[in-house]
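Please look at the sequence and the structure below before reading on. The report that follows is meant to be read with the model open beside it.

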There are 2 protein chains.
Amino acid sequence: MLRTHTCGELNIANSGNEVTLCGWVQRTRNLGGMVFIDLRDRYGIIQLVLNPSENNPDEKPSAIFEKAQSLGREFVIQVKGIVVERSNKNANLSTGEIEIQAFEINILNPSVTPPFTIEDVTDGGEELRMQYRYLDLRRNPLKKNLELRHRVTIETRKYLDSISFIEIETPFLIKSTPEGARDFVVPSRVHPKQFYALPQSPQTFKQILMVSGYDRYFQIVRCFRDEDLRADRQPEFTQIDCEMAFIEQDDILNTFEGLTKHLFKNIKGIDLGDFPRMSYGDAMKNYGCDKPDTRFEMKFIELKSPRPEGKGNIPFSETLGGPGFKAFDESEMVVGICAKGCANYSRKQLDELTEFVKRPQIGAKGLVYVKYHEDGTIKSSVDKFFNESILKKWADLFYAGPGDLMLILAGGKNQTHKALSELRLEMGNQLGLRKPEVFSPLWVYDFPLLEWNEMSQRWFAMHHPFTSPKKEDFHLLDTPNLSGLRANAYDLVINGVELGGGSIRIHNKELQQKMFKILGFSEAEAMRQFGFLMNAFEYGAPPHGGIAFGLDRLCATFGGSESIRDYIAFPKNNAARDIMIDAPSEISPEQLKELGL
Amino acid sequence: MLRTHTCGELNIANSGNEVTLCGWVQRTRNLGGMVFIDLRDRYGIIQLVLNPSENNPDEKPSAIFEKAQSLGREFVIQVKGIVVERSNKNANLSTGEIEIQAFEINILNPSVTPPFTIEDVTDGGEELRMQYRYLDLRRNPLKKNLELRHRVTIETRKYLDSISFIEIETPFLIKSTPEGARDFVVPSRVHPKQFYALPQSPQTFKQILMVSGYDRYFQIVRCFRDEDLRADRQPEFTQIDCEMAFIEQDDILNTFEGLTKHLFKNIKGIDLGDFPRMSYGDAMKNYGCDKPDTRFEMKFIELKSPRPEGKGNIPFSETLGGPGFKAFDESEMVVGICAKGCANYSRKQLDELTEFVKRPQIGAKGLVYVKYHEDGTIKSSVDKFFNESILKKWADLFYAGPGDLMLILAGGKNQTHKALSELRLEMGNQLGLRKPEVFSPLWVYDFPLLEWNEMSQRWFAMHHPFTSPKKEDFHLLDTPNLSGLRANAYDLVINGVELGGGSIRIHNKELQQKMFKILGFSEAEAMRQFGFLMNAFEYGAPPHGGIAFGLDRLCATFGGSESIRDYIAFPKNNAARDIMIDAPSEISPEQLKELGL
């Protein structure tokens, strides 16, 4: 080793020791004729000190002093010296009680001046930091993120191994089955005109492993989706992919609630209680969203509820007092939330909230507010249409008291759910209810099995084509009421972020064939793409199900961040490019020719 | 859970318990009016017993008895019953002291008849087993292999984590840099005419991570090579990939010797002593091979040594007694081994050995033998050319005594090394010296840096272009004597199998540029492909080096097998096809169009 110790591990107990350290020059300072150097490595920072006349009675600066003065930022050096107690201690640093009196410095490699500062808060823009990712990765925040990610995978494996899960690697060069997102494909050189595909997930392989009897499988595995990128998506991402046999839905939920608790306990020192569970229907009714942030309540209150499909608008309730206000009269639903203690919101604040819900990506037509003032009076934006006694009834419904603000939207069900859900999150932000150090998990279950797609005029699987309908709903499979089919599917949501999702799978060939038919596959196409799985079901396939967690997002949530990119060592940018290495790029004509392209 | 216990975990202590089990029907037998069923799951096999008249006083077979008789091989069933002691115990089974008196059987899924038997030794051919891999994976030997593989990765991570290594995931969609093997490429849809490549290894990324200060990195990671396949190669394979900074070669060797010892100790219960280390030169001289099987000695003895390049043939040694035997006279080298106790080999056996070395893939022209009989007489195939006193001198050189057989080859150096190395392994086999339960590790170091390729008339890196020459040999870089350059490169060999290899890397831009020039890169091409790495070297790159282990081969070696395919859940066949899922295959015209192909 070129060193005896790392920069982070020394402390007052090492006083008097002779040590050799290696690291990067964080900064140098010349104070009162002495040179101080902060030396950094992965484990910490330590101060080196050089006295111009050390061992040098004629008081001309020594050679090592001259060398120390010449060191630039990010030079890599090796230092020999003695650990001594500092007179001027730094309590912010684990090594702050000591410093190294250096007597030898070797420059292992110089550095040109970095294009941005290597500090916790840097002056580099995102594009520049992506290009020089190797310098950005030296910064403490990114280092902590990668260390967290390592710890999450170590603890995940430890826990799953301890309960008899076995990690099995599945192939990356598989077959293209572009149901759902687009596949990345890989041309075969040996088999002209044929292609492999990179897996969007190991779904069919993990089901095959259940058929093979490996009743508790997991894998931390890269997956690929050729999507048009959004800010928080990456063309390659990592999944904690799991599957179990001889289980029912509750067994999966209990097992992976156990994993999640283990991770929070062992990595963050947080004891999460038992996770609440909520049906998809209730989540939509209460929060307008299948991944609600349950760090705070602020549930939806319906003044006018949508009627079940095909039944026309619901009659006016007592609380709306009959027709009169057109925006409510003509809407499928009227629904609101109660923001505690916000009755004193100014005109400007309310206008801003109105602008917020009217933004195109949210799309509400307007916002109705009702202020329940501290003095008991009520003031609203719809005073012309509703008298105080009706507004008081609203307050009762909303559990609103003096000082509270009611915010109400009206419109079509789906769009109003979405808009009010966004408004609820915004109010949560404004009221400081979304605390990064609080973690609120929730299981959401009983998702719809199918979604109708207007564009392509066909049903799509909401989860994927292998998800089993609920037994109670099997009879609907042969009726036109396919939208009523519920799936044995579930998501784990923490703080409004979907961290994982899964389902109980179909394990019967006929049911799987029926599902492909509903999804618009011809029998031949279903067999061509998934014949191996359906054939496998004929050889004694056990009941099984599973779940997959997005590791990138899991780590970001652990770290209290919304950006997954900061938890990936070498992410791609929004155009799916790696700008550090410049990929994708052109390949040589010889390569193209060999591949027959 | 659909079960209370697994089939493998019950024993005599559970007698009297009511249990619910799930599993596959291994076999059913009808003996003396009773039905016996062997029920199998991942954890073991247990016997179920059904009495026709149980709870059935009128002695007509009960419904459950009828159902039990109807069960076919590989049906998946759920069984409820009582654990009882067996009268007829089976000591070969962990559950052999008990059986389950079943009172309820539910068929979870029937099975058609499997195309081969699910037994330790099966009647299925390889092609059939690959097609029905999900059935093959049910067999015990494959299950044990995958469990071993899981254990190897768990223990590898545990050990490396305990000594501060951090696992960091590197990207799969990278840039094509086809030095060495061919890349698999991935067309980009968003960037027409551009391609990603799948990594042959994370080499440049792990070096970048060293530049970033993550001084102990590892990753268990899939790698890809589009090679023309040989029997033991796969287009995708898994590496334990490692890199360290601020180290020298010995530190890498010590660290990963530690890992290897940990794996053998914790997985196989074997204490490996300290690993011998041997230079490449000595390995070639002693064994004619850079990955010798050192479970047995049988070192090469040279009767006539090749002279250093360009110096012509070496003069005859005293032991050859001057010219006379043309095959020796005209050969660059004459070299042999001593097979202890084989002087009694028959004419037929010796003819077979001669045929063995003359096979085209070995390519020797003939084989000289010298038998040192028990009675002290010597008989050889070259009696005409060498008298007994000379043959006795050979015996002295070979440390041969009465009863031993000397086997001698002559020819060009490289080809004779290769042929005698194969013959040595064959003699090791014949003498039972290559015991599967013995593990003999060896570090081989000081590999040549470069290899001259006659075909393309240029130098190739023996390891890869990032390997550092030895400091002592730096001066040779500017001379024509490039073949004399030694690399700071090393391999870990166990039982003649190369399990891992690595090197100390170049960490200096100028040296890296010089290396690319030697390898025939133009400056522009080197910058286009590897500019990001060379630029990174300018920002304070620390001295670093690493190693990578082939996980598939490591597991096979652990398992005492030569076939890596049995240690991969879903391998490809020799034509790089996955015949279970039928990949690669054609993709739709729409996909091709979107990709601009």
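## Confidence in the model

Chain A has an average pLDDT of 94, and 96% of its residues score at least 70. For the complex, the predictor gives an ipTM of 0.95 together with a pTM of 0.95. Where pLDDT is low, the predicted coordinates should not be read in detail.

## A sheet of five strands in chain A

Strands of a sheet pair through backbone hydrogen bonds, and the pairing can be parallel or antiparallel. In chain A, five strands form an open sheet with antiparallel pairing, and their order is 12-13-16-14-15. Strand 12 (301-304) and strand 15 (378-380) of chain A are the edge strands, each of them pairing on one side only. On average, neighbouring strands of this sheet are turned by 25° against each other, with direction ignored.

Within the sheet, strand 13 (residues 333-339) and strand 16 (residues 405-411) of chain A are joined by seven bridges in the antiparallel sense, and Ile337(A) stands opposite Leu407(A), which belongs to strand 16 of chain A. Helix 11 (residues 413-430) of chain A packs on the sheet, where it touches strand 13 and strand 16 of chain A, and its direction makes about 5° with that of strand 13 of chain A. Helix 9 (residues 347-358) of chain A lies across strand 14 (368-372) and strand 16 of chain A, and runs at about 30° to strand 16 of chain A.

## Aromatic rings

A pair of aromatic rings is described by two values, the distance of the centres and the angle of the planes. Over all chains, the count of aromatic pairs comes to 51.

Elsewhere in chain A, ring pairs link Phe325(A), Phe328(A), Phe385(A), Phe386(A) and Trp394(A) into a cluster. A ring can also have a charge over it: the charged end of Arg424(A) sits over the ring of Phe296(A), 4.0 Å from its centre, and in chain B the charged end of Arg424(B) sits over the ring of Phe296(B), 4.0 Å from its centre.

Most residues other than glycine have a negative phi, and most peptide bonds are trans. Ala576(A), although it is not a glycine, has a positive phi of about 65°. Ala576(A) lies in the loop between helix 14 and helix 15 of chain A, and it counts as buried because its relative accessibility is 5%. In chain B, Asp446(B) has a positive phi near 60°; this residue lies in the loop between strand 17 (441-445) and strand 18 (450-453) of chain B, and is buried, with a relative accessible area of 13%.

Which residues are joined by a cis peptide bond? In chain A they are Ala583(A) and Pro584(A), with omega about 0°, and Pro584(A) has its place in the loop between helix 14 (551-558) and helix 15 (589-594) of chain A. In chain B, a cis peptide bond joins Ala583(B) and Pro584(B), where omega is about 0°.

Key
Residues numbered from 1 in each chain as written. Chains lettered and ligands numbered in written order. Predicted model: local features only at pLDDT ≥ 70, side-chain atom pairs only at ≥ 80, totals over all residues. Heavy atoms only, no water. Phe/Tyr/Trp six-rings, centres within 6.5 Å; stacked < 30°, edge-to-face > 60°. Lys NZ or Arg CZ within 6 Å of the ring centre and 35° of its normal. Helix = DSSP H or I, 4+ residues; strand = E, 2+ residues; numbered from the N terminus. Buried < 20%, exposed > 50% of the residue type's maximum accessible area, 1.4 Å probe, protein only. pLDDT = per-residue confidence, 0-100. Pairing = 2+ DSSP bridges. Axes fitted to C-alpha atoms, helices over the stretch in contact; angles between N-to-C directions. Contact = heavy atoms within 4.5 Å.
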